[in-house]
Each structure stands twice: as C-alpha cells, then as structure tokens.
Amino acid sequence: MSTARRGPAIAVLANVDELALLAPAAALAEALQHSLDQLWRNRSARASLRRLAPRRRAVLIDVTLAPLDNDVVLYVPDGQPRRAYRIPIGVSSSPEHRDGQALLLTVARAVSDSLADMDGAGRAVRRRAADDLVRMWAGLPQLLNTTAGQSPEWNDDRFGAWGPPSHAEHATVDRMLQSAATWQSVPPGARTGTEAQSLLRQFAERLLAEAAALTGTGDDAVFVCADQLHRAAAARLHDDQDVAASMTGPWWQEHLGGVAPTAATAASHTGAAELLVENALRWGPTDEDRTPDRPAWRVAAAAATRARSLATLATADRRRLVVASVCVDKDGAVTVTEAPGPTDFALYTRNRVLTSVIELVDERKPMQPVVGGPEGDAPFQRLADLPEADALRRIGDALRETIGAGLDAVVGVLAAAADHLPTTGTALRAALVDDAAGYTGLPQGEIEAAVDWLTATPERFRTTPFEYWKMEARPVRLVTQPFISTSSGHGSEQLLLVPGRIRLSQLAYLSYLNDGRLPIPRAVLRQPSMKALSDELDRFRQQMNKSQEIDAHRIAAEAGLPSRRDIDPRKTMKHGLVITGQIDLLVAVPATRRVWVAEVKDPAIAFSPWEVADEIDDFHGGAADTGTGRRRRDEVGRLLEKTADISRQLPAALSLLGVPDPVEGWQAQPIVLTRRVSPAAFVTDPRVPFALVRQADIAFQHEHLQPGPCLWLPHSTAARTSK
C-alpha cells in the first residue's frame with residue numbers, strides 16, 4: 001500500500017536485539033504497519049490519525065529500549081530530507097508482553113500518547129483522538145503471535161546462542177598474537193609485502209591451533225561447535241528476513257545504512273562458527289578431548305574470527321586489493337593495519353550488498369527461486385519446470401554422469417535435510433535417504449550419490465590443504481558439503497545435520513545456479529573427468545551473458561533510443577563502418593547527442609579477495625606476478641578501442657542506427673553494463689562508467705556520467721555514484 005493511501009507518513013522500525021525475547025523484529029514491525037493500514041480504512045480512525053500525525057511531518061515508531069533523539073533527519077520516499085518525529089517506545093520483558101496482541105496494544109498506547117503530547121494546538125482534542133485510536137486499535141484482529149508460526153529449527157535459536165565475542169575475548173586474542181610473535185621470535189619492526197603476508201598466515205594458523213585447544217576436537221566438541229554454527233546461521237537468516245521486510249515498505253531508505261554492516265557481522269559470526277567446526281574436524285580426536293564450556297567457546301570464536309580476518313587480509317594484500325602492514329613492538333604486541341590499494345575493496349563490498357537488497361524494491365527484480373522442503377506446503381519443483389529448463393537439464397545430466405546424481409537430486413536432498421531435524425543432531429543416513437527419495441520421487445541410488453556428494457568427512461579435511469581464505473576455490477568446505485560424517489562408532493551410517501547451515505547451503509546452491517554455475521572450484525572443473533560438466537556450464541554462462549545483452553537492448557528500445565546489439569565487424573562494411581571487434585550494444589541518444597558503445601557482461605559474483613581480483617584483472621588487464629595462471633585480458637582496453645573506431649566513423653555509426661540527424665555535436669562514449677555491481681568499477685582509474693543492465697536506460701540518458709560505479713536508487717532521477 002502506498003504512503004498516500006495511508007495518509008500521515010508513519011513508518012515502523014524495530015530494534016532486533018532489544019526485542020529478541022519478545023518477538024521477531026520484522027513480525028512486530030509488519031504487524032504495527034498492517035494495523036495502521038487497517039485503521040486507515042476506518043473513517044473515525046482515519047480522522048484520529050490525521051489529528052495525531054499531520055501530513056506536514058513524518059512519524060517514525062521506533063520500538064527499542066535504547067535512548068534516542070526525538071528529532072532526526074529522515075529520507076522519505078520522494079528522496080527529499082525532512083524533519084521527522086521519532087517516538088522511542090520502551091517495552092519491558094514482563095510476562096504479559098510476551099502475548100503478541102498485548103505487546104501490540106502496549107506499543108499502540110505509547111504511540112498514541114506520544115503523538116498526543118507533542119507540541120501544538122488542540123492538545124485536548126488530540127488526547128481524545130489518542131484514546132479513541134487505542135480503543136479502535138484494540139478491536140483489530142490478532143496480528144502478532146510470538147509463540148507460533150515459525151518452523152521449530154528457527155524458534156528462538158538466535159537468542160539461545162552464546163553470542164558474538166566481547167571486547168574482553170578480543171583482548172584475549174590480542175594476547176594470543178603477542179604470545180605467537182614472542183614464540184616465533186619475530187623481531188620488532190613494521191613489515192609489508194610478502195613478509196607481512198607470511199606473518200599474517202602464521203598468526204592465523206597459530207590462532208586456529210589455540211582455538212582447537214580451547215574447544216577440543218572430538219565428536220562432542222564438533223557437535224557443540226556445530227550447534228553454535230546452527231544458531232549463527234539461524235540468526236543470519238532472521239537478519240535477511242528483517243532486511244527483506246524492511247525493503248518492501250515505504251521507508252526502505254531509512255534502513256539502507258545498516259544493511260551492509262548487518263550483513264558483514266552476520267557473515268562474520270557464521271564464518272567463525274563454521275571455521276571452528278572445520279578446524280575441529282581437521283585436527284581430529286586427541287587423548288584430551290573435552291566438551292568446550294561457554295567461556296572457552298567464546299574465546300575460540302574470537303580467535304577464529306581474527307584468523308579469518310588475518311588470512312583474508314594476506315590474500316587481499318597479495319592480490320593488491322589492499323596494502324597490509326604488520327607491526328611488532330619490543331614487547332611482542334602485534335598491530336595489523338590496512339590501507340586502500342588500487343581498488344576500494346570495502347566500498348565494493350558495501351555496494352554489492354546494498355544493490356542486492358535494493359533489488360527487492362526495484363521494479364525489475366530477478367526471479368527468486370522458491371525454497372521448499374518436505375515439511376512445507378510447496379511440492380518439489382523439478383528443474384524441468386523452470387524457465388531455463390533445457391540448459392539446467394543438460395547440466396544435470398552431465399553432473400549425473402560425473403558424480404552419479406543430477407541437480408534435482410542435489411537440490412532435493414538439501415531441501416529434505418533442512419527439515420529433517422528441528423535442530424542440530426545426528427540422523428541415520430538411511431532415514432535421510434528415504435526422506436529425500438520420498439520427497440523428490442527420484443531413484444534411491446541417485447539420492448545416495450547426492451548424499452555422498454554433500455557429505456564432508458574428517459579425512460577430506462585432513463588430506464586437503466586447509467586454505468579457508470580462498471572460499472570459492474576450496475574443494476572441501478561446509479558451504480557445499482553441509483552434512484558431517486563424524487568419527488563416532490556408527491561411522492558413515494550416521495550424519496551430523498546442522499539445519500541452519502544446510503538452509504544456507506541450499507540457498508548457496510540456488511544462488512550459484514542463478515549465477516550460471518555450480519559451487520565447484522575451477523581447478524576441479526579442469527580435471528578430465530569433469531570436462532562434460534565444465535563444457536555445459538560454459539555454454540550456460542554464455543547463454544546468460546547473451547540474455548543480458550538482449551535485456552539491455554530491450555531496455556534501450558523501450559526508452560525510445562535507436563539501438564542495435566551484437567554488431568559483427570563482418571556485417572558493418574555495407575554501412576561503411578570498420579570496427580576492430582564485435583560490439584555488444586550500440587545506442588544513440590538524440591537528446592544528448594551521444595552514441596554509447598556498451599560492453600555487456602554477466603561475470604559470476606565474486607566474494608573472496610581472490611575471485612574479486614580475478615574479475616578486476618579480466619576487465620583491466622591482470623598483473624604478471626599474481627601467480628594465478630589466468631589468461632591476460634583487458635575488456636575495458638578493448639572497449640576503448642571500439643569506441644575510438646566509432647568516434648572516427650560517427651556518420652557510418654549513426655547510419656547503422658538509422659539516425660538521420662547531422663553528425664555535428666555527436667560524440668561516442670564507452671560504458672560497461674553488468675547484471676550486478678562489478679569490483680572492476682571501484683579501481684583508482686576505472687576509465688569508463690560501470691552501470692547495471694537494469695538501469696541502462698537511466699545511464700544512457702544521463703548527461704554527466706563519469707567513469708566509475710554509477711548506481712541509482714529506485715524512484716530516483718539523480719545519479720548516485722558510490723564514491
């Protein structure tokens with residue numbers, strides 16, 4: 001429902017942490033907003049709302065226990081800054097407030113009282129309006145239920161977790177680093193380059209050894225760490241749901257600032273817990289195995305968080321994304337700093353998260369696959385029923401020839417496993433196979449092969465280099481093999497299932513498929529046994545890249561801009577146009593007298609520093625000493641050459657586009673269009689503008705587009721570059 005139909009601009013916020021024991025923040029916010037929408041349909045309530053919240057100012061209902069300023073700057077849906085009332089509502093944890101409707105009425109009374117007590121004329125009238133509004137609010141149907149409606153695996157799990165490490169635990173890790181520097185006899189001084197990278201890796205490995213000593217490495221320790229992984233993953237999923245709920249409301253801009261930090265924190269906590277599980281599996285049982293207590297696990301989690309950070313920083317420094325420095329003083333205290341390199345890696349990461357969230361409010365958002373399970377209402381959806389059925393079927397057939405299970409089996413087993421247990425626990429492998437076979441209707445042998453493919457064993461972690469900082473390049477990781485075969489007596493007959501991790505893995509597989517690939521490292525795909533699968537994935541990627549060209553051309557045509565795509569040098573000679581290479585898209589904008597030479601790409605989304613640097617190298621030309629073994633490419637350089645060709649032959653280019661106007665004042669401009677934000681846009685010298693395919697019409701018609709990332713918020717007319 002639009003803001004105009006609601007009348008007064010009223011939005012509901014909720015503090016996740018403070019309301020943790022009362023209700024999910026998104027559910028409370030949705031219930032409050034829905035109740036306001038229902039009240040607005042009632043004439044008497046509408047009159048009371050108008051008296052309480054005049055249109056001249058906006059109102060934020062902020063449910064929290066933290067003190068807040070009453071007057072803050074808020075960006076409302078039309079993008080103009082205004083002053084807004086912000087109402088802090090204190091909610092206690094008393095038993096009566098654990099009932100959803102009682103909690104909602106408590107907030108309703110507090111909101112009405114706060115609105116009635118604001119400065120202004122007619123306070124008595126507003127007080128009567130507040131009383132009337134609360135009575136009508138109380139008559140609404142039940143909107144919020146804090147005890148039902150959630151699947152068991154997510155119910156209050158995030159609130160029973162031991163939580164992220166505190167400053168005290170991080171201080172303990174600082175002392176661990178100091179001890180490591182002393183033990184390794186590291187001389188005092190500052191180090192950069194390869195010396196810093198080597199020290200960072202050594203310190204990270206030392207921290208993981210300390211973490212293993214704290215948690216233990218036996219089956220009990222693996223189970224406890226896995227349970228914390230489940231809780232961290234459930235919290236991450238809750239955060240994603242909160243963000244999705246926030247982005248669908250009229251006040252989504254208010255939440256943008258916290259999206260990237262929230263996502264980074266959730267990913268860090270999940271990654272640390274995951275690393276502790278993998279670390280315990282890697283070390284294996286010892287004679288002193290024990291179950292970690294709460295303090296020990298929290299310090300271990302802080303150590304794992306720091307180890308991930310140090311190892312990732314070493315990789316980012318090696319690939320020239322940042323400049324790392326390690327300083328050791330005379331007492332052995334370690335200080336690690338990083339400075340921006342040729343690429344603003346942090347800015348790219350923030351914008352990647354923000355644009356993925358903004359897709360939720362953009363009119364042209366991509367299809368989101370439905371994630372179902374045997375306990376849900378949605379039946380199993382075979383890939384043959386999806387729009388890309390032919391390509392996915394061929395990939396599935398090639399995967400089946402390679403591992404004995406197709407895509408349907410892998411996706412179906414993940415869906416069945418996510419709901420197989422309500423929380424972390426062991427399950428009989430045969431029971432999981434039967435469950436998945438019944439859900440998918442696939443042969444039991446294929447289901448068993450899929451279970452094998454998705455199972456991580458301690459032996460695989462011990463025999464594979466433990467390069468956890470490489471992420472996508474790792475052949476063994478819990479992201480892609482979320483079932484854990486422990487060393488307990490039943491062996492492979494029992495599996496440790498972590499529902500939160502399995503749910504994230506399910507989403508990861510679907511995300512990879514939406515990206516035109518599978519979570520299989522390139523080094524593995526280059527093996528002879530994987531050739532058929534690799535070829536099918538390459539064809540699928542080319543098909544998806546071509547679909548982006550088609551979309552960009554359609555968007556330009558819908559905007560009324562003369563355009564042509566897939567311009568082959570062999571076919572342009574009859575127009576007198578000689579070009580050095582194929583042009584993906586050529587667009588003329590008569591209003592600005594520009595001819596845009598567009599390179600349209602759909603690179604796979606990059607997460608780790610290694611993959612980010614590879615994509616930057618592809619666009620801007622890779623360095624010769626990175627040790628990647630990749631073919632040197634320079635997509636931007638080739639685009640500039642094509643643009644120069646068009647600049648020298650503007651009459652022929654305009655003739656090709658059917659533009660009859662004289663060529664005076666026309667100029668050719670290069671642009672790169674991608675499906676998602678590319679890290680190549682965030683280099684120091686990007687040379688060309690980078691925009692999203694879905695925003696191609698805005699980019700083409702913009703008068704002052706500069707090199708670098710060019711992003712627009714939905715419903716905005718002004719360019720918003722991220723630098």
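The legends below describe close-up views of a predicted model.

Residues are numbered from 1 along each chain as its sequence is written. Because the model is predicted, local features need pLDDT of at least 70 and side-chain atom pairs count only at pLDDT 80 or more, while totals for chains, interfaces and linings use all residues, and side-chain values use heavy atoms, with hydrogens and water left out.

**Figure 1. The whole protein.** The protein has 24 helices and 18 strands. Helices (H or I, at least four residues) and strands (E, at least two) are DSSP runs, numbered from the N terminus. Of the 723 residues, 53% count as buried. Buried means under 20% relative accessible area, exposed means over 50%, and partly exposed lies in between (1.4 Å probe, protein chains only). Contact means heavy atoms within 4.5 Å. Among contacts between residues at least 6 apart in sequence, 71% join residues at least 24 apart.

**Figure 2. Helices α14 and α18.** Two packed helices are described by the angle between their axes and the distance between the axes. Axes are lines fitted to C-alpha atoms, for helices over the stretch in contact, and angles run from 0 to 180 degrees between N-to-C directions. Helix α14 (residues 407-418) packs against helix α18 (residues 499-514) at an angle of about 150°, and their axes are 8 Å apart. That makes α14 roughly antiparallel to α18. Angles under 35 degrees count as roughly parallel, over 145 as roughly antiparallel, 65 to 115 as roughly perpendicular and the rest as oblique. The crossing of α14 and α18 is left-handed. A crossing is left-handed if the near helix is turned anticlockwise from the far one by less than a right angle, and right-handed if clockwise. Residues of α14 in the contact include L407, V410, V411 and L414, and those of α18 include P499, I502, R503 and Y509. By class, the contact of α14 with α18 has twelve nonpolar, two polar and one charged residues. Ala, Val, Leu, Ile, Met, Phe, Trp, Tyr, Cys and Pro count as nonpolar, Asp, Glu, Lys and Arg as charged, and the others, Gly among them, as polar.

**Figure 3. Helices α14 and α15.** The axes of α14 and helix α15 (residues 429-440) cross at roughly 115° and come within 9 Å. α14 passes α15 in a right-handed crossing. From α14, G412, V413, A415, A416 and A417 meet L432, D435, A436, Y439 and T440 of α15. The residues of this contact divide into seven nonpolar, two polar and one charged.

**Figure 4. Helices α13 and α20.** Helix α13 (residues 389-403) and helix α20 (residues 531-558) have axes that cross at roughly 165° and come within 8 Å. The two helices are therefore roughly antiparallel to each other. The crossing of α13 with α20 is left-handed. In α13, A391, L392, R394, I395, A398, L399 and T402 meet A532, L533, E536, L537, F540 and Q543 of α20. The contact of α13 with α20 has nine nonpolar, two polar and two charged residues.

Figure 5. Helix α8 (residues 193-215) has 23 residues and reaches 33 Å from its first C-alpha to its last, close to the 33 Å expected at 1.5 Å a residue. The expected span of a helix is 1.5 Å times one less than its number of residues. Among the buried residues of α8 are A196, L199, L200, F203, L207 and A211. An α-helix has 3.6 residues a turn, so residues three or four places apart point the same way. G216 follows α8 and has a positive phi, near 80°.

**Figure 6. Helix α22 and its neighbours.** The end C-alpha atoms of helix α22 (residues 635-648) are 20 Å apart, which agrees with the 20 Å that its 14 residues should span at 1.5 Å a residue. E635, V636, G637, L639, K642, T643, D645 and I646 are its buried residues. They pack against β13 (583-589), β14 (594-601), α21, α23 (650-657), β15 (667-674) and β16 (689-692).

**Figure 7. Residue A613.** A613 is in helix α21 (residues 609-620). A613 counts as buried because its relative accessibility is 3%. Not counting residues up to four places away in sequence, A613 touches R319 and L321. The C-alpha atoms of A613 and T315 are separated by 9.8 Å, although these residues are 298 apart along the chain.

Figure 8. Most residues other than glycine have a negative phi. R593, which is not a glycine, has a positive phi of about 55°. R593 is in the loop between β13 and β14, and at 25% relative accessibility it counts as partly exposed. R687 also has a positive phi, near 70°. The place of R687 is the loop between β15 and β16, and R687 is partly exposed, with a relative accessible area of 28%.
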